[in-house]
Amino acid sequence: MFPNTVELAFARFQARRDPRALAIVFDRTAGELLRVARHLASSEASAEDLVQSTFVTAIEAADQHRRGEPVLPWLLGILTNQARGARRRSRGQLDPAQVRRDGLSDVGAEVE
């Protein structure tokens with residue numbers, strides 16, 4: 001018999017690492033997570049990546065979730081942390097096309 005709530009399904013995943021139980025959690029929460037991710041991400045692809053990385057983290061940190069506690073808020077917390085990390089990483093990357101448009105010269109052209 002399969003668990004009928006997300007919490008029971010996740011508890012089963014925690015206890016047995018049953019992929020079918022995790023699939024139930026995914027099927028019942030991914031839509032809501034994607035809706036939130038769309039507000040936090042810069043593109044649809046980035047939102048989908050956030051949901052994927054949320055589940056990877058949830059799998060890796062499954063034992064950190066307290067049994068009996070709601071799973072969706074825990075997953076939303078992971079999603080939010082993933083979005084913050086993605087924003088931090090993107091701030092550190094320069095877009096070469098943007099640098100040239102901003103009037104900064106191309107070092108290669110100056111050397112020639």
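1. Start with the loop between H1 and H2, which is where Asp18 sits. Keep in mind that this is a predicted model. Asp18 has a relative accessible area of 8%, so it counts as buried, the cut-off being under 20%. Leaving out residues up to four places away in sequence, Asp18 touches Arg12 and Phe13.

2. What does the side chain of Asp18 do at the start of H2? One of its oxygens comes to within 2.9 Å of the backbone nitrogen of Arg20.

3. H1 covers residues 6-16 and H2 covers residues 19-40; they pack at an angle of about 145°, and their axes are 8 Å apart. Their crossing is left-handed.

4. Which residues make up this packing? From H1 come Val6, Ala9, Phe10, Arg12 and Phe13, and they meet Arg20, Ala21, Leu22, Ile24, Val25, Arg28 and Thr29 of H2. By type, the contact residues split into 8 nonpolar, 1 polar and 3 charged. Arg12 and Phe13 turn up here as well as among the residues touched by Asp18, and Arg20 is on the H2 side of the contact while its backbone nitrogen pairs with Asp18.

5. H2 has a bend of about 45° at Thr29. Thr29 is also one of the residues meeting H1, and it is buried.

6. The buried set in H2 is Ala21, Leu22, Ile24, Val25, Thr29, Ala30, Leu33, Leu34 and Ala37. And what covers these residues? The cover includes H1, along with helix H3 (44-60) and helix H4 (71-91).

How values were computed. Residues numbered from 1 in each chain as written. Predicted model: local features only at pLDDT ≥ 70, side-chain atom pairs only at ≥ 80, totals over all residues. Heavy atoms only, no water. Axes fitted to C-alpha atoms, helices over the stretch in contact; angles between N-to-C directions. Helix = DSSP H or I, 4+ residues; strand = E, 2+ residues; numbered from the N terminus. Left-handed = near helix turned anticlockwise from the far one by under 90°. Contact = heavy atoms within 4.5 Å. Nonpolar A, V, L, I, M, F, W, Y, C, P; charged D, E, K, R; others polar. Bend = angle between axes of the 7 residues up to and from the residue. Buried < 20%, exposed > 50% of the residue type's maximum accessible area, 1.4 Å probe, protein only. Polar contact = N/O pair within 3.5 Å; in protein donor to acceptor, adjacent residues only side chain to side chain.
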